Amino acid sequence: MHAVHRLRLVPLVEVLQLDLQLLQRVGVREVLLVTGQQHAGQFIDLLGNGRVQSRGGDQTLFDLELTYKVQVEPGGIAQVVGMARDFASGDKLVVCLGDNIFEHAHADAIASWGDGAMVFVKEVPDPENFGVVAYDGDGGVADIVEKAGVVDTRYHTPPSTDAVVGLYCFPPDVFDIIEPLRPSSRGELEITDVNREYARRGLLQVHRVQGWWHDGGKHWGDLADVGRLIEETGVNK
């Protein structure tokens, strides 16, 4: 099983280290790091060959086989996943966004993942800012809706408050789904369109996030509070 990790340069490098620790915790060994051109050198300097020690050098934070790729211009998460076709070499793929932090690593859920794709969801107070799950009358996954009324105009309001978070599991055929995608109204290849296709096929499993989750891409101002929360509860458990 391989992993793709999309990185953004952030004030706290510990956020990136936590995400890589999560991937190691769920059993990933080989990781493709995708970042923007302007920050690639800084991340290579920070992460090196994938063996990173704590600041005091008395503890190994993670030990992974890292490969780097550059996303020359913003093109969406699905574009990032598509860049991993050769890297994945026909294996399953775990995708973790570099600005998401989890109390639990969900290693058991990922270990039990079978056919199809799997996404993780968390109830949020502002579902209009996320891709959310639309459920059918039996509680199954009927659709995935990206920013209802703005990106996905089929819906005026979000059909649920269950946001799809930045942790995805895809089978090897994900690249065949990405290849024919066309950019959305905001000019990106949407990961929601990938998840929607798996939902249409009846091959999308939804797993509810345990404990807390933080999306730094939308709420960087809360990182101090997240730091205190990590001290209280731990992270990637």
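Guide: Gladly; what follows is a set of questions on this predicted model, with the reasoning behind each answer.

Visitor: Let's begin with the overall picture. What does the secondary structure come to, and what share of the residues is buried?

Guide: The protein has eight helices and 13 strands. Of its 237 residues, 51% are buried. The accessible surface comes to about 11000 Å², and carbon and sulfur atoms account for 47% of it. Among contacts between residues at least 6 apart in sequence, 74% join residues at least 24 apart.

Visitor: Now the aromatic residues. How many aromatic pairs are there in the whole structure?

Guide: A search of the whole structure finds three. One of them is formed by Tyr-168 and Phe-170, with 6.0 Å from centre to centre and 10° between the planes.

Visitor: Why is the pair of Tyr-168 and Phe-170 called stacked?

Guide: Two values decide it. Ring centres must lie within 6.5 Å for a pair, and planes under 30 degrees apart count as stacked.

Visitor: Which residues of α7 are buried?

Guide: Seven of its ten residues are, and the helix is mostly covered. They are Ile-191, Thr-192, Val-194, Asn-195, Glu-197, Tyr-198 and Ala-199. Just after α7, Gly-202 takes a positive phi of about 75°.

Visitor: What makes the charge of Lys-92 sit over the ring of Trp-113?

Guide: The distance part of the criterion asks for the Lys NZ to be within 6 Å of the ring centre. Lys-92 is at 4.5 Å from that centre and lies over the face of Trp-113.

Visitor: Let's turn to the nonpolar cores. Which residues have the most contacts inside the largest one?

Guide: That core has 34 residues, and those with the most contacts inside it are Leu-20, Leu-23, Val-31, Ile-110, Phe-120 and Leu-167. Elements that each supply at least two residues include α1 (13-25), β2 (30-36) and β8 (117-123). β11 gives the most, with four residues. A second, separate core of 33 residues includes Ala-84, Leu-97, Tyr-168 and Ile-178.

Visitor: What makes Ser-89 exposed?

Guide: Exposed means over 50%, and the relative accessible area of Ser-89 is 59%, so Ser-89 is exposed. Ser-89 is found in the loop between α4 (85-88) and β6. Its phi is near 55°, a positive value in a residue other than glycine. Most residues other than glycine have a negative phi.

Visitor: Asn-236 has a positive phi of about 55° too. Is Asn-236 buried or exposed?

Guide: Its relative accessibility is 3%, and the limit is 20%, so Asn-236 counts as buried. Asn-236 lies in the segment after α8 (223-233).

Visitor: How do you know that β9 and β10 are paired strands?

Guide: Pairing needs at least two bridges. Five bridges join β9 to β10 (residues 141-146), so the strands pair, and they run antiparallel. Tyr-135 has Val-141 in β10 as its bridge partner. The two strands form a hairpin with five residues between them, and Gly-139 in the turn has a positive phi of about 85°.

Key:
Residues numbered from 1 in each chain as written. Predicted model: local features only at pLDDT ≥ 70, side-chain atom pairs only at ≥ 80, totals over all residues. Heavy atoms only, no water. Phe/Tyr/Trp six-rings, centres within 6.5 Å; stacked < 30°, edge-to-face > 60°. Lys NZ or Arg CZ within 6 Å of the ring centre and 35° of its normal. Buried < 20%, exposed > 50% of the residue type's maximum accessible area, 1.4 Å probe, protein only. Contact = heavy atoms within 4.5 Å. Areas by Shrake-Rupley, 256 points an atom, 1.4 Å probe, with all protein chains shown as cover. Core = buried A, V, L, I, M, F, W, Y, C linked by side-chain atoms within 4.5 Å.
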